[in-house]
Structures are given as C-alpha cells and as structure tokens.
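Welcome! Please open the structure in your viewer and keep the sequence beside it.

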Amino acid sequence: MAINRKDVLTRTAVGAVYVLIMGVCTLLSWWTTLAAVCVTAGFCAWEFLSMAKSSGLHPYRSIGTVTAVCIPLAMALNAGGTHIVALGLAVAFLGGICCLLRFFVHEQDGIVDVAVTVFAFLYVGLTLGSFLLLRDFDPGLGGGVMCLLILLSIWGNDAFAYLGGSAFGKHKFAPKISPKKTWEGVICGMAGGIVFWMLIPLLCPNCGFSYPYAALCGVLCGILGIMGDLTESHIKRSFNCKDSGTLMPGHGGMLDRSDSLLFVSVGAWFLVCVLPVFLQAPEVIAWL
C-alpha cells in the first residue's frame, strides 16, 4: 500500500501541534498536566456522546462531559493521598445520579441512554485520571520527562505503525474492527514505542527502572495501546461513524488521537507507581 504524501503532511502538521501542546503541558508542571488532562477528557467525552447521539440514542452530553472533566479534578484534590481513585468514583457516582434524575423526568429516554452516558465518563475520566496520577509520581521536571517519554512511546507507536503499515502492510491484523491495521504496522509500532520506554532509565534515573523492566513496560503498554485503538474503532463502528470528530484533520477527533492514551495511562500508572511498590513489600519479598 503506497503512502499518501498529502495525508502524511496533514497528519504530521496537526500531530505536531498536538504533540507540542501536550508535551509542553506535561513538562511544565503537574498543574499544566491537570489542565491538559481535563481539556482532553472534555473533548473525548463530548465526541463519544455525540457519536452516540448521531446513531439515534439520546445520551446526556452535558452531564457526561462535565462529569468526565470533574473526575480527574476530584482525583487531583487528593494527589499523593490514599483515596485518589475513590474520589474519582464518588464523582462518577454523582454523575450517575444526575443521569438518573434526568431519566426520571424525560419519559422518552431509555435506560440505554443512561448507560451510554455513564460508560462515556468512566471510559474517559477514570483512564485519563490515571495519567494525572502517573505525573504525580514525581511532580518535578524528572516526572515530566518520564511522562513525556511515555507519551512519545504512544505517539511513536502510532507513527511507526502508520508508516510501517503503509509501506509494508500485507497481512490484516483485525479486519472486522480496523481494516487498515496490519501485522507489519503493529510490529513497527511496537518497536518504535519500546525505544522511548528504554530512554526512561537513561534520562530519568530516579524512576528506579532497569532496562529490562523498561522494555517489559514498553511491550505491555504497546499491547494496551493496540487494545485502546481497537476498542475505540469498535465503538465507532457500533455508532456507524468513521471518525469521532473533526477537531484534528488527518486524525479525526480528540478521541481518535487519545484512544491509546486512555488504556496506556492506566497500564503505565500501574507499572510505574503500583507494581514496584507491591514487589518491594516485605510480605511479597518473603513469599518470593
């Protein structure tokens, strides 16, 4: 399959602006990261619920979008504490109550409309909130560099998968869900993503990573990124939509650009912040 140069130039130009904004926000501080996460969550939730509406459903876009933004904000209130996720879930519960109250008032709405709205803010809000927790691992410049490298691993995966698939793609990876995705593209993307993970021990020695562990994280997060991509592709197909929106020419919408980030954020947070602490616990060491 030949590479469409015009498409590549459009994707590159728009992607460069997105990378610049997200990269600078991630590097500057924890607060700018919070702002970027909340804005991304709002756009993603709105696009998801707009796709649902275009398919004939009646989701509550305002409630869903506001709740998706408030979940990371609530998690930020207790950053570094022990009940971060619980606060996010509490906001999600309140969002669900608001959906039910509107459901009771509007008799023409169905319970599916409530379910789709709740899924939207959980799918977007909790997952992107995990990236905020990851950034809080080291609120200083070192944490910003680490998170930027993780973002670059996601973007690198996408870029190498696109280029590799366009140049060498022959064998379909998931033809029923994402017809353009090929095994050759997936392999190129995984290789590109792992490279950035391998830079974390070199540029962020305080993270405590070894090179083998960084490579393992790269593989696992690469798989999660593919799962996130396929999940969003399947959601779009169920809503009969080609793209989630038109915000980013050459890419689609914000959700199209962030689909891998949603899943990778959770996986990276677990691998960086949770698993190492768990493995160093005295009880685990004694068991090992």
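This tour goes from the whole chain to one residue.

Before you click, note that this is a predicted model, where local features need pLDDT of at least 70, side-chain atom pairs count only at pLDDT 80 or more, and totals for chains, interfaces and linings use all residues. Residues are numbered from 1 along each chain as its sequence is written, and side-chain values use heavy atoms, leaving out hydrogens and water.

**Stop 1: the whole chain.** Select the protein chain and colour it by secondary structure: there are eleven helices and two strands. Helices here are DSSP runs of H or I with at least four residues, and strands are runs of E with at least two, numbered from the N terminus.

Stop 2: Show the surface next. Of the 288 residues, 48% count as buried, meaning under 20% relative accessible area, while exposed is over 50% and partly exposed lies in between (1.4 Å probe, protein chains only).

**Stop 3: one arginine.** Select R102, which you will find in helix 4 (residues 84-105). Finally, select V114: R102 and V114 are twelve residues apart in sequence and 9.0 Å apart in space, C-alpha to C-alpha.
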